[in-house]
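Hi,

Here is the structure I promised to pass on. Have a look at it first, and then read my notes below.

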Amino acid sequence: MPMWPESKPVRYGLVLVVVLIIGLGIYLTRQASTAKTALQDAATQARTLQSQITKGDTAHARVTLKDLQKSTHTARTNTDGPLWGALSVLPVVGKSVDAAQTISSSLDDIALNGMPPVVKV
């Protein structure tokens, strides 16, 4: 029995499916890496922002807050969408994907809505 189907259209279809799966994997890996970097940046920026607020340095805190908002927005947009939604229901990776989405979304909400009034004080 041959390893590949003998029909050319079936072979081409299988190759296309494999290429699409690999492409989606690369795309999602790139998004995950971008989100991870953005969340790491956000953690550093949050520590800096805390220090600036504690010292009363509102001028620098405003700049840091804008950077924090950019980072959390990047993380949120890179862990959102139909592909991420589909991944979140898979048995093995679903909980981790859901956690990444929840963290990114929550931090973005806090950076956009919770932190500006604190920095203005």
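This is a predicted model: local features need pLDDT of at least 70, side-chain atom pairs count only at pLDDT 80 or more; totals for chains, interfaces and linings use all residues.

Q45 sits in helix α1, which covers residues 8-55. If you skip the neighbours within four places in sequence, Q45 is in contact with T64, D67, L68 and S71.

**The nonpolar core**

L68 turns up again in the largest nonpolar core, a set of eight residues: A42, L49, A61, L65, L68, A111, M115 and V119. Which helices supply at least two residues each to this core? They are α1, α2 (58-78) and α4 (94-120).

Not counting residues up to four places away in sequence, L49 touches A61, T64, L65, L68, M115 and V119. T64 is also on the contact list of Q45.

**How α2 and α4 pack**

As a reminder, two packed helices are described by the angle between their axes and the distance between the axes. For α2 and α4, the axes come within 8 Å and cross at roughly 160°. That angle is over 145 degrees, so the two helices are roughly antiparallel to each other. The crossing of α2 past α4 is left-handed.

What sort of residues make up this contact? Ten are nonpolar, six are polar and four are charged. On the α2 side you will find T58, A61, R62, L65, L68, Q69, T72, H73, A75 and R76. They meet S104, S105, L107, D108, D109, A111, L112, M115, P116 and V119 in α4.

Beyond its neighbours within four places in sequence, the listed contacts of A111 include L65, L68, Q69 and T72.

At 39% relative accessibility, V118 counts as partly exposed. From C-alpha to C-alpha, V118 is 9.8 Å from A61 in space, while the two are 57 residues apart in sequence.

Cheers

Note on methods: Residues are numbered from 1 along each chain as its sequence is written. Side-chain values use heavy atoms; hydrogens and water are left out. Helices (H or I, at least four residues) and strands (E, at least two) are DSSP runs, numbered from the N terminus. Contact means heavy atoms within 4.5 Å. A nonpolar core is a set of buried Ala, Val, Leu, Ile, Met, Phe, Trp, Tyr and Cys residues joined through side-chain atoms within 4.5 Å. Buried means under 20% relative accessible area, exposed over 50%, partly exposed in between (1.4 Å probe, protein chains only). Axes are lines fitted to C-alpha atoms, for helices over the stretch in contact, and angles run from 0 to 180 degrees between N-to-C directions. Angles under 35 degrees count as roughly parallel, over 145 as roughly antiparallel, 65 to 115 as roughly perpendicular and the rest as oblique. A crossing is left-handed if the near helix is turned anticlockwise from the far one by less than a right angle, and right-handed if clockwise. Ala, Val, Leu, Ile, Met, Phe, Trp, Tyr, Cys and Pro count as nonpolar, Asp, Glu, Lys and Arg as charged, and the others, Gly among them, as polar.
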